[in-house]
Every structure is written in structure tokens, then in C-alpha cells.
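Please look over the sequence and the structure below before reading on.

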Amino acid sequence: MAYPKRLDGRKFNETREIEAKAGVIKRADGSAMFRIGKTVAYAAVYGPRNLYPKFLQNPREGIVRVNYAMMPFSSKGERVRPGPSRRSKEISMVTEKALLPVLHLEEFPNAVVDVFIELPQTDAGTRCAGICAASIALADAGIPMKDLVAAVSVGRVDEQVLVDLNYDEEAFDGKVADVPLAVVQRTGHISLLQMDGEIEKGQLINAIKLGQETLKKVFEAQKKALKEKYHTEGGEE
Amino acid sequence: MNRLKSQIIKGLEQSLRFDGRKPFDWRKIEVEYGISKNAEGSARVKFGDTEVFAGIKMSIGKPYPDRPEEGALMVDAELSPMSSPEFETGPPDIKAIELARVVDRGIREAKTIDMKKLCLEKGEKAWMISIDVVTINDAGNLLDASSLAALAALKNTKIPRLEGNEVKYGELTDEALPLTKEPIAVTVLKIGNHFIVDPLVEEEEAFEAKLTVTTTDGIICAMQKGGDGVLTVGDIEKMIDIGMKKAEEIRKHLKGSK
Amino acid sequence: MGEILVKNKDIVVPGEELASGMDFLPSFGTYRDKDKILASRLGLVSIDGKIIRIIPLSGKYNPRRGDTIIGKIEDVSYSGWRVDTNSAYPAMLSMKDATSEFIQRGSDLTQYFDLDDYVVAKIINVTSQKLIDLTTRGPGLRKLTGGRVIEVNTNKVPRIIGKQGSMVHMIKQATDCKIVVGQNGLLWILGEPKSELIAIEAIRKIENESHLSGLTERIKDFLEKATGRKIEEKMAEKGEQNGLS
């Protein structure tokens with residue numbers, strides 16, 4: 001089936017509406033909410049902090065632990081049974097790998113930076129939204145970082161290369177490829193790349209380039225969220 | 001007596017708590033409906049900085065054999081590690097289980113939902129309601145906040161369209177759940193000779209005993225005593241009175257459902 | 001050749017470009033990537049001649065030798081205590097560094113410091129593996145009794161103390177509270193419950209508004225309104241350097 005126009009009317013290089021806020025969970029050392037369209041992710045960072053059991057400790061530098069989960073009432077369909085699934089464990093792992101390249105953990109031997117990601121509402125692009133939220137939360141927590149990381153899904157529907165596939169597009173009856181992509185801001189280097197579906201090499205490269213370009217908007221939103229937190233604090237209450 | 005407890009009592013003798021409140025003052029209460037558009041019903045509740053989400057998911061199942069003409073209700077709670085450095089990942093620990101069960105009893109025993117109206121075919125087909133509470137920020141009193149969030153989420157719920165035996169998620173009818181009561185949980189803490197409500201985290205670390213009283217229409221529908229200390233009958237009477245009075249004030253924040 | 005791309009006190013995020021060219025020196029919270037200096041922390045830009053650094057707005061305490069901290073006893077062994085430093089790393093306080101009294105081997109150490117006690121201690125050493133040694137022998141170092149302990153953003157401690165202790169002195173003066181400020185973000189306050197609350201509110205105000213100008217004036221106004229007392233700004237006396245009394 002051809003796909004000349006997007007189901008929700010967006011342009012092919014247009015993401016859904018983005019909303020980002022930092023410092024939303026006071027008890028955490030850093031936190032953020034990141035929304036893209038109807039997908040909402042919360043991230044909380046605790047650390048650097050004590051790490052037990054001891055055998056997990058790395059005497060050279062701190063480690064990062066990511067735990068990703070969908071809240072039971074978050075999905076478009078049935079209730080999601082709480083607890084880690086194979087899918088959520090894999091997402092936790094690739095999220096960790098997406099963030100590691102920018103983190104400076106040498107200052108924290110034997111300690112851990114815990115990142116918890118939970119989503120109250122999902123509509124595709126969940127791991128990408130989680131990475132965006134986690135990146136803001138890590139900066140909010142004062143973790144030394146070379147740069148911010150942002151992520152968005154790219155891919156193709158039929159012959160169209162596009163960004164930020166929503167649930168209906170992922171489920172489209174035709175040739176679909178869903179490519180979650182995470183990128184480091186300044187360099188454009190890629191820290192997460194996965195693919196689900198079928199795609200030709202040329203389309204994939206185009207999709208990635210399109211993603212890198214589109215993510216500039218996401219970085220702006222992340223920066224704004226962090227700076228806004230400190231502009232609204234203080235002054236008139 | 002430990003330092004924290006004696007500090008708290010020193011303040012309570014002057015009716016002052018660590019955040020300047022008087023013993024029976026509640027923090028600012030916020031109730032927001034529909035925070036998860038994929039849930040059949042959902043709500044966010046804040047008491048000051050304490051924040052919890054609750055969401056409702058409905059499905060079709062077979063009624064329990066001992067109640068063939070009723071739908072079923074299940075309450076689950078997650079003390080999310082996002083919300084406090086004290087919470088860990090993993091299966092629900094006893095604190096989470098207790099919270100879920102106390103919230104459950106409050107709703108179930110108050111007969112908040114007319115379970116008979118949820119039955120579609122006696123002994124065969126009925127609506128199953130799952131209430132899930134997820135804590136977002138622990139600044140004390142997660143229990144009362146969770147109970148209120150669960151109730152608000154129930155009020156926000158619309159029943160999804162049913163096609164034969166298939167639930168058409170995302171296609172909500174205009175039909176709300178058959179709710180008959182609004183049970184409100186109020187936890188009263190005893191510290192020294194003083195009683196307080198809506199505790200802060202430090203107060204939850206220093207109390208002797210507490211009593212959660214869930215009430216509706218002047219009737220007590222659930223209770224739970226907590227803490228390592230004991231209560232006298234006089235204490236319990238006082239705490240029930242406090243619980244009922246505060247429940248009235250809190251219930252006002254549940255106006256509306258959208 | 002070089003160019004500064006930001007202003008003093010700008011809020012920057014990790015990865016943000018601060019300067020280009022080789023003229024400038026990257027200091028705390030910044031790093032060099034080829035000919036650019038970039039931020040590696042969320043914080044405020046601070047330019048001092050050719051040196052660019054970031055004053056962090058957040059981040060947990062990083063234990064340093066010489067710091068005076070408030071620690072909580074979390075374990076008692078036969079030769080000393082393990083102390084929670086409000087950081088990722090617990091510290092050791094050994095018997096010999098605890099007091100100038102002679103402690104008999106095998107005596108019950110809880111008489112000196114018991115579980116959950118708070119102490120004002122000084123960090124005497126931090127190894128590369130972040131093993132920390134403390135001492136409570138020295139002026140102002142001691143066990144704290146009574147009072148409230150609150151946690152603040154460790155990065156705001158310098159503003160809470162103020163130049164030569166002037167800010168914390170002003171709060172003490174206005175509220176008649178004893179206050180000890182730990183570099184690790186823990187503060188101890190003792191006074192009348194109402195006064196403790198005013199002192200804490202003032203401290204929270206400093207935490208939230210430290211990056212805005214005119215802070216001292218605003219805190220002075222707040223304290224005068226809250227306590228009904230007039231405050232004379234005067235410099236702290238000697239010995240109040242770390243807000244130890």
C-alpha cells in the first residue's frame with residue numbers, strides 16, 4: 001500500500017508535539033518528563049550513590065543502571081502486567097548503552113548512578129522518549145556529561161522515509177521499518193540504533209540523516225527544560 | 001527517645017510541625033483526572049510534594065465461582081524507585097503489598113462499585129476492573145494519596161465498547177462505572193501524646209503507632225493499624241473522629257470527574 | 001585568537017559551547033574539544049580572566065580533604081564508627097581520631113557516638129578509591145544533640161555560609177538559632193521551633209534564589225519581616241569561618 005500522506009497529517013520530517021520538563025520528582029537527585037505526541041516518559045536519577053552488592057562495583061569508575069518500565073495502565077490495549085519482561089530488560093540495556101558514551105563516571109569509583117524510567121502513557125517511540133527524559137534527568141542531577149543525548153524513531157512506511165512513527169504507522173499494512181535512533185548532540189554520533197521491519201540500505205541512511213536533522217528540535221526542548229527550571233525558581237513566588 | 005522524635009515532639013508541644021503546619025492541617029491537595037489517555041480511567045493526586053498516579057484497566061472475564069453475578073476488582077500498587085531513594089526495583093515488597101491491600105479493602109468493603117451491574121452474563125461474563133497505583137514522589141503519606149487517586153481514577157472511568165467478547169480499547173462509551181460511595185482513607189499518626197495527619201517523611205520515621213481509617217457516609221469501611229507501638233481505646237476513638245472529620249474535607253476535592 | 005560565546009552567570013547545559021580558540025583555559029565543569037571549550041555540567045558560567053569554569057547548580061557532594069561535614073553514625077564497631085557522609089561514600093572515624101580523651105580498648109564506643117547520632121567532623125583523608133577518614137578532634141568538632149538536621153543542595157553551601165560567614169551569621173542573629181553548616185549539604189539548626197522554621201525558610205530561599213542577584217538584601221528583608229526584628233549587617237566574627245558555632 002502506498003503512503004502518500006501521513007495518517008495524522010504531519011509532514012514526513014515532522015515529529016509529534018514535544019513537551020519537556022526538568023525537576024518534576026523532588027525526592028530524586030535529577031528528574032524529567034518528556035512527551036512526544038501521546039507517549040509520555042518520566043525519568044528519575046539517583047546518584048552517584050552506594051552500590052550493593054559489592055561484586056557489581058567497578059573500582060575504576062562508577063556504573064550506570066537503567067530500569068525501564070511501562071505503567072500497567074499505559075498501553076492502548078490490555079493492562080500491562082507489572083514486572084520486568086524480556087522486552088523491558090532489553091530496552092533498559094540499550095538505553096544504558098545509549099547514554100554511556102557521554103557520561104563521565106571516573107570521579108565515582110565503586111558507585112552507581114541509577115536511572116529509572118517509567119511511562120504512564122504510550123503511543124510508540126517509548127524507548128526514545130525514555131532516553132530523552134533520562135538525558136535531561138542526568139543533567140538535572142549534576143552528573144558530569146560531555147553532551148546531551150536525544151532519541152527519536154525514524155524509518156519508512158512504504159517508499160516514504162519519515163521520522164517519529166506513531167502506533168498506527170508502526171502497524172501499517174505494508175512495508176514498514178521502525179528504527180529507534182539516539183544521537184549525541186554536537187557530534188551527531190549515534191549511540192542507539194535498532195531496526196524492526198524491512199528497509200533498504202539507501203532508505204536507512206536517508207532515515208538516519210533525517211533523524212539527526214530532526215533531533216535538533218528535541219535538543220532545543222531538552223535545553224529549554226533544564227534552563228527553565230532555574231529561571232522559574234526564585235524571583236516572585 | 002531518639003533525637004528525631006524528641007525534635008518532632010518539641011514542635012508539636014507548640015502545635016508546630018517541621019513544615020510549619022498545625023497537627024491537623026493537610027498539605028495542598030491537587031486532583032487531576034485523565035492523566036493517562038490510554039487508561040479507561042486515571043488520575044493524579046498530590047498532597048504537597050507527594051504525588052501518585054492511579055489508572056484503571058478493564059477486561060472481560062469469568063466471575064468468581066462464589067460470586068457468579070458480580071464483576072471483579074483487583075488493586076495493585078507499585079512503590080516506584082523513581083519516587084524515593086528507599087524503594088528498589090523488584091517484585092512488590094511488603095510495604096507495597098500492604099498499601100495495595102488497604103486501598104483495596106477501602107474500596108471493596110465500602111461497596112464503592114455496584115459489582116452486580118458489572119455482570120453481563122451470570123456465571124460466564126463480567127467486567128474485571130484493575131486499579132493500579134504508581135507512586136511518583138514520596139514526601140510522606142503515600143497511603144492516603146494512593147487511596148484518593150484510586151477513587152478519583154474510578155470516577156474518571158468510562159466503560160469501553162464491547163463487541164461480542166472483545167473489548168474495543170480506545171473506544172470508550174459514555175457510560176461511567178456504577179459508583180455508589182466515595183470512601184476516603186485518612187491515616188492518623190501518634191507521636192508521644194500527639195496526633196497528626198498527612199505525615200511528612202520524617203514524621204513517618206518517628207511515630208509510635210498509626211491508624212488508617214477509611215470512611216464513607218459516617219461508616220467506617222476499613223481500618224489498618226501500623227507501627228511498632230500500641231494504642232489505647234481512647235486513642236482509637238480520637239483517631240477515628242479525626243479520620244472522619246478530615247475525610248469530609250478531603251472529599252470536597254473530588255468534585256467532578258474529568 | 002579566541003572568543004567567549006557566553007556571559008558570566010549564564011545557565012548552560014552539558015555540551016554547550018562556551019568559548020572558541022586556544023586563548024582560554026577550561027577549568028571545573030568544562031572540557032576542551034579541539035578548539036572549543038564546552039560545558040560538562042549543568043550550571044552557571046564563571047569567567048575569571050582567561051579561566052572558564054562552571055558553578056554547578058546540582059550534583060551530590062564529592063568528599064574532599066579538609067572539608068567540615070555533618071555526618072550520621074551508621075555503624076559502631078570495636079575500633080571506630082562508620083559515618084554516612086550524605087554522598088556515595090561512607091567514611092571511617094577511628095577511635096584515636098574521635099576525642100582527646102583516652103579510650104580504653106574494648107570499651108563500649110556507643111557512649112561516645114551512638115547509632116543515628118549526628119557529628120560535626122573534618123575529613124582528614126580521601127583516597128583515590130574514595131575511602132574517607134574523619135576526625136572529631138578539633139575546634140568546633142563534636143557530637144550534635146537535639147536540633148533539626150536538614151539537607152540542602154551541596155552546591156549552595158557557599159551561598160548559605162556567605163562571605164566570611166556573613167549570611168549564616170545574619171540568620172543566626174535574626175532567629176537566635178544555633179546553626180552548623182556542613183560542606184556536604186547537611187545543616188544542623190537548634191532553637192525555638194518557630195525560629196527554627198524561619199531559619200529553615202531563609203535557607204530554602206537562598207537555595208532557590210542563589211543564582212539571582214540581590215540575594216543578601218532579599219534574605220535580610222525576609223528575616224526582618226518574619227522575625228519583626230531589625231538586622232544590622234555586620235561581618236562575622238573570627239572563628240565563625242565555616243559556620244561552626
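In this model, which is predicted, chain C has 245 residues, of which 42% are buried.

**Chain C as a whole**

- Chain C is divided into three parts, with domain 1 covering 2–56, domain 2 covering 68–144 and domain 3 covering 148–227.
- Between the C-alpha centres of domain 1 of chain C and domain 2 of chain C there is a distance of 38 Å.
- The secondary structure of chain C consists of four helices together with 17 strands.

**A sheet in chain C and the helix across it**

- In chain C, three strands in the order β15-β17-β16 make up an open sheet, and their pairing is antiparallel.
- The edges of this sheet are formed by β15 (148–151) and β16 (178–181) of chain C, each of which pairs on one side only.
- From one strand to the next, the twist of the sheet averages 20°.
- Four bridges link β16(C) with β17 (residues 186–190) of chain C, and these two strands pair in the antiparallel sense.
- Opposite C:Lys178 stands C:Leu190, a residue in β17(C).
- Helix α3 (residues 193–209) of chain C lies across β15, β16 and β17 of chain C, and the helix runs at about 150° to β17(C).

- Where chain B touches chain C, the contact takes eight residues from chain B and seven residues from chain C.
- On the chain B side of this contact, five residues are polar and two are charged, while one is nonpolar.
- Chain B also has a helix α3, which covers residues 142–156 and has 15 residues.
- From its first C-alpha to its last, α3 of chain B reaches 20 Å, which is close to the 21 Å expected at 1.5 Å a residue.
- How much of α3(B) is covered? The helix α3(B) is mostly covered, with 15 of its 15 residues buried.

Definitions and conventions
Residues are numbered from 1 along each chain as its sequence is written. Chains are lettered from A and ligands numbered from 1 in the order in which they are written. This is a predicted model: local features need pLDDT of at least 70, side-chain atom pairs count only at pLDDT 80 or more; totals for chains, interfaces and linings use all residues. Two residues are in contact if their C-beta atoms, placed from the backbone, lie within 7 Å. Ala, Val, Leu, Ile, Met, Phe, Trp, Tyr, Cys and Pro count as nonpolar, Asp, Glu, Lys and Arg as charged, and the others, Gly among them, as polar. Domain bounds come from an automatic or database domain assignment. A residue is buried if 20 or more other C-beta atoms lie within 10 Å of its own, exposed if 12 or fewer, and partly exposed in between; C-beta atoms are placed from the backbone. The expected span of a helix is 1.5 Å times one less than its number of residues. Two strands pair if DSSP finds at least two bridges between them. Axes are lines fitted to C-alpha atoms, for helices over the stretch in contact, and angles run from 0 to 180 degrees between N-to-C directions.
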